Amino acid sequence: TGDNSTHQNMAVSMVNEILSEPESAFVRPMCKALSQLDVGSFDESTKSTLAVLGEQIVDEISNRYVLASIKKVLSSLSFSATDLSDETRHLITQQLEEHNDNRMQNLEALMS
């Protein structure tokens with residue numbers, strides 16, 4: 001179970017990073033790593049988070065490699081973001097915004 005929770009946390013972090021900086025050189029390796037994880041075994045909360053964030057990636061990112069990788073991950077979830085309530089979707093989106101805010105604060109601290 002410890003390994004699975006580590007993989008779940010890693011998957012959510014990687015998807016957040018892809019959304020935060022889609023043009024980064026690290027996006028392709030993160031997509032490759034994501035596609036290697038057994039996301040079907042993740043808990044429902046993680047699956048819902050990945051479904052919503054993955055849907056945002058599909059809507060916002062045009063890189064074909066990224067899209068193919070994310071669509072593969074989404075199909076492995078056996079879970080659709082459309083199954084979620086608006087409140088749950090909002091909470092997940094809010095978590096992404098908090099992640100981006102923290103990321104920007106960390107970058108600003110490094111640059112000063």
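The legends below describe close-up views of a predicted model.

**View 1. The largest nonpolar core has 25 residues.** The residues with the most contacts inside this core are I18, L34, L37, V39, L50, I57 and V66. At least two core residues come from each of helix 1 (2-20), helix 2 (27-36), helix 3 (44-60), helix 4 (64-77) and helix 5 (86-111). Helix 1 gives the most, with six residues.

**View 2. V66 and the residues it touches.** Leaving aside residues up to four places away in sequence, V66 touches I18, V27, C31, I57 and I61. V66 is also among the residues with the most contacts inside the largest nonpolar core.

**View 3. E44 forms a salt bridge with K47.** The closest N and O atoms of the pair are 3.8 Å apart. Side chains of opposite charge can pair when their charged atoms come close. E44 and K47 are three residues apart in helix 3, so about one helical turn separates them. E44 is partly exposed, with a relative accessible area of 47%, whereas K47 counts as buried at 7% relative accessibility. The count of salt bridges comes to one.

**View 4. Helix 2 packs with helix 4.** The angle of packing is about 20°, and the axes of the two helices are 9 Å apart. Because angles under 35 degrees count as roughly parallel, helix 2 and helix 4 are roughly parallel to each other. Helix 2 passes helix 4 in a left-handed crossing. On the side of helix 2, the contact is made by V27, R28, C31, K32, L34 and S35. Helix 4 contributes Y65, V66, S69, I70, K72 and V73 to the contact.

Key
Residues are numbered from 1 along each chain as its sequence is written. This is a predicted model: local features need pLDDT of at least 70, side-chain atom pairs count only at pLDDT 80 or more; totals for chains, interfaces and linings use all residues. Side-chain values use heavy atoms; hydrogens and water are left out. A nonpolar core is a set of buried Ala, Val, Leu, Ile, Met, Phe, Trp, Tyr and Cys residues joined through side-chain atoms within 4.5 Å. Buried means under 20% relative accessible area, exposed over 50%, partly exposed in between (1.4 Å probe, protein chains only). Helices (H or I, at least four residues) and strands (E, at least two) are DSSP runs, numbered from the N terminus. Contact means heavy atoms within 4.5 Å. A salt bridge is a side-chain nitrogen of Lys or Arg within 4 Å of a carboxyl oxygen of Asp or Glu. Axes are lines fitted to C-alpha atoms, for helices over the stretch in contact, and angles run from 0 to 180 degrees between N-to-C directions. Angles under 35 degrees count as roughly parallel, over 145 as roughly antiparallel, 65 to 115 as roughly perpendicular and the rest as oblique. A crossing is left-handed if the near helix is turned anticlockwise from the far one by less than a right angle, and right-handed if clockwise.
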